[in-house]
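I opened the model today and went through it piece by piece. My notes follow in the order in which I looked things up.

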Amino acid sequence: MKKMSSKNNGCLTHRRRCPCGDEQCCIRLDEDEEDISMDPSALSEPNLMQGAQHITAEAAAVDAPYVGQSFRTDAEAQEYYTNFARKNGFAIRRERSKGNPAHPLGVYKRELVCHRAGVSLPRKTVELKRQRNKKSSRCRCEAQMIIKKNVLKGTSCWIVVHFSNEHNHQLLDSEEVRHLPAYRNIPPAVRERILFLSKAGCTVNLMMRALEMERGAKPGHLTFTERDLRNFLQANKGIDRETEGSELLKACKAMRDKSSDFRYDYTLDANEKLEHIAWSYPDGVHAYKVFGDVVIFDTTYRLYAYDRPFGVWFGVDNYGNLIFLGCVLLQDERPASFKWALQSFVSLMDGKFPQTIMTDLDMGLREAMMSELPNTKHAFGIWYVTHRLSSWFSTLLGSQYNSFMNAFHQVHSLESENDFVQQWGHMVNEFGLASDRHIAILSLYQSYWALPFLHGWFLGGLTTSSSVSIKPFFRGFLNAQTRLKDFVEQVGVAIELQNQAGEEATMRQNYHNVKIKTCMPIEEHCLSILTPYAFDMFQKELISSTQFAVYESQRETYLVRHRLKADGGYIVQCFPSEQELCCSCKGFESCGILCRHTLRVLSLKNCFMLPDRYLLMRWRRESSLFPKSSGYNYRSQALRSLSSIIIQESSITKDRFNYVQWHMSKLLTHVRNMPTVDEVVSDMETVTSVDTTVSNRRSRARLRKVKSVVEMPNETQELSKAQTFSETLELSELP
């Protein structure tokens with residue numbers, strides 16, 4: 001698998017302007033300080049170990065790794081080992097990996113070794129006269145950490161299966177280890193500053209001194225050397241901001257010639273130079289037609305080489321995946337620029353306005369929203385708010401910061417506006433923040449980010465503090481050398497690969513065995529209609545509904561209150577003849593899933609099926625954007641996903657393994673005897689429409705095809721019970 005590093009994504013850097021308006025107050029983000037290598041493998045392997053506890057990389061622990069230690073991702077494990085290595089005077093690298101994207105298990109094993117492991121590599125060229133006679137640092141060091149993927153109850157993690165810290169060379173001290181290439185890097189925020197100083201005419205020596213003073217580092221103690229800085233400046237010399245705007249326009253026109261569904265809009269300044277440009281790909285336009293109710297507009301990044309803000313519009317599909325809708329490159333961050341961006345987005349999407357837009361805590365963007373989209377709800381994404389808290393309060397509060405964060409999340413998740421106002425004031429006074437200007441901003445705009453004030457706003461389930469970011473979409477495709485003329489094509493390739501990953505994630509969700517937990521007919525009804533992601537939200541509400549008591553206050557009106565509370569509660573109105581339901585908590589309006597209070601009333605009234613109007617089309621299986629085709633790539637990907645699930649399930653016990661092995665060997669023999677060319681040529685190879693009627697026809701055709709292919713030979717039927725094999729068919733059928 002190709003190694004993808006966020007260092008190759010260096011053209012994107014965070015906008016660091018603080019909403020308080022103070023030019024001296026900039027946002028410090030953890031990812032600005034250090035980037036680590038990432039591998040987007042999301043496939044899984046049978047269980048290797050159980051019972052280990054997760055260790056988070058954020059804890060920055062530097063104790064020695066141990067066998068059985070667990071991490072959420074391989075990148076987290078590598079970051080932990082990197083921190084340990086840096087403290088102990090060496091660096092690490094990836095040596096070997098097992099598995100690849102074409103393998104049913106994906107990447108399931110990695111070996112991380114000391115940078116001096118192995119032997120010297122042969123030179124790549126026979127022309128030696130210009131090469132330095134440089135001695136290799138490799139000396140067969142055997143220090144290493146081996147990690148393997150573990151899957152338990154559908155959740156994957158990475159387990160340390162071997163660790164050795166025996167080095168056959170001298171380790172470096174803290175002064176020496178920082179000069180190793182692995183620890184020499186220029187953070188994105190510093191790159192932006194370097195380009196600014198270069199534009200002002202500063203020499204390299206002057207830049208180094210200025211950066212050392214700004215970052216409070218001793219001379220020679222930055223994370224990069226003067227030579228690194230010179231190499232960086234050399235790599236950016238080829239950028240011509242005056243001409244590359246026209247090259248980007250030519251690239252958009254070329255894309256439009258290839259696909260009539262590619263859309264873009266732009267403006268020119270007084271000098272006929274590119275001012276703003278926005279574009280969207282065919283997949284993004286189609287996705288917006290179905291899932292354009294809630295949109296995330298991420299404007300927190302900029303292209304530092306061109307000194308331009310870069311924004312991306314995301315959506316959320318019916319499987320909970322982020323989907324790309326469009327992007328924009330602006331001249332500056334003025335409200336007028338944001339207004340143009342919003343106008344352009346609506347125009348690219350055929351004039352359809354979203355119900356809700358979630359953005360960063362940006363006052364200029366808020367002003368633009370009020371002007372251009374007055375009927376669209378505007379919320380500040382909680383992940384954008386929490387990203388700023390560390391920069392604002394970690395130094396100010398010191399050891400109390402963790403307690404403050406716990407209190408903040410508790411207050412944010414309260415249900416009542418009155419409770420929020422009361423608890424918020426108590427928290428501010430407890431930590432002595434009453435006079436802080438950042439707390440004043442959060443208090444002033446609390447109705448834009450606090451959950452109690454967002455009841456009834458459709459947020460598509462995006463109410464948690466989990467991060468939503470541009471970088472994972474473009475990691476490995478955009479780098480410091482990416483020119484504007486290549487930008488549209490590179491972004492398109494990145495989005496296409498993300499769509500493929502989303503398609504595979506969708507199929508994997510459909511293959512998982514979702515279990516009924518209440519045995520209520522209403523649960524079985526929703527299972528057959530909702531996607532696994534939406535059904536999980538519904539199931540949680542249904543289970544929670546059993547904790548509530550119901551009191552009929554008047555005809556068709558009920559008071560629903562938690563069984564442990566003596567007062568309060570929610571008012572639910574239920575009119576069976578009109579199939580109309582309404583709850584004062586506005587849970588259905590917020591996420592499109594009926595709330596626990598309404599479900600409790602329906603249970604009391606012996607309702608066995610939900611009214612069709614409360615099973616929103618955006619959460620139904622038939623509204624899925626995937627699969628887009630039934631060609632070879634889709635079939636190959638579908639079988640890989642199914643194989644992965646079968647391996648997970650069949651490896652648990654010996655009986656399961658024997659059963660699956662026997663049936664698959666028979667199935668393989670049967671498939672090999674089938675024709676190698678389809679009798680009927682499919683006309684669905686390049687289907688991209690998300691029209692639900694076409695989706696239904698495609699699903700039925702695919703089901704008939706799978707049933708005809710996976711048919712038991714006579715000798716197998718004689719040796720297997722019909723009921724057992726029907727379960728195998730159900731597992732292999734695509735939804």
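I began with an open sheet of four strands, ordered E16-E17-E18-E19 with antiparallel pairing. Strands here are DSSP runs of E with at least two residues, helices are runs of H or I with at least four, and both are numbered from the N terminus. Two strands pair if DSSP finds at least two bridges between them. E16 and E19 (580–583) are at the edges with a single partner strand each, so one side of each has no neighbour in the sheet. I noted that neighbouring strands of this sheet are turned against each other by 25° on average, direction ignored.

The model is predicted: local features need pLDDT of at least 70 and side-chain atom pairs pLDDT 80 or more, while totals for chains, interfaces and linings use all residues. Residues are numbered from 1 along each chain as its sequence is written, and side-chain values use heavy atoms, with hydrogens and water left out.

Next I looked at E17 and E18 (residues 570–575), which run antiparallel and are joined by four bridges. Leucine 559 stands opposite isoleucine 571 in E18.

I then checked the loop between E16 (548–554) and E17 (557–562), where glutamate 556 lies. Glutamate 556 is not a glycine, yet its phi is positive, about 65°. Is glutamate 556 buried or exposed? I found a relative accessible area of 19%, so glutamate 556 is buried (under 20%; exposed is over 50%, partly exposed in between, with a 1.4 Å probe and protein chains only).

Aspartate 350 is in the loop between helix H9 (335–348) and E14. With 52% relative accessibility, aspartate 350 counts as exposed.

I followed the chain on to E14 (residues 356–359), which runs parallel to E15 (residues 377–380) and is joined to E15 by four bridges. The chain goes from E14 through helix H10 (residues 363–372) to E15 in a right-handed β-α-β crossover (clockwise from the first strand over the helix to the second, with the strands pointing away from the viewer). Threonine 359 has phenylalanine 380 in E15 as its bridge partner.

Contact here means heavy atoms within 4.5 Å. Phe538, Glu541, Leu542, Ser544 and Ser545 of H18 make the contact with Arg596, Leu599 and Arg600 of H20.

Methods. Axes are lines fitted to C-alpha atoms, for helices over the stretch in contact, and angles run from 0 to 180 degrees between N-to-C directions.
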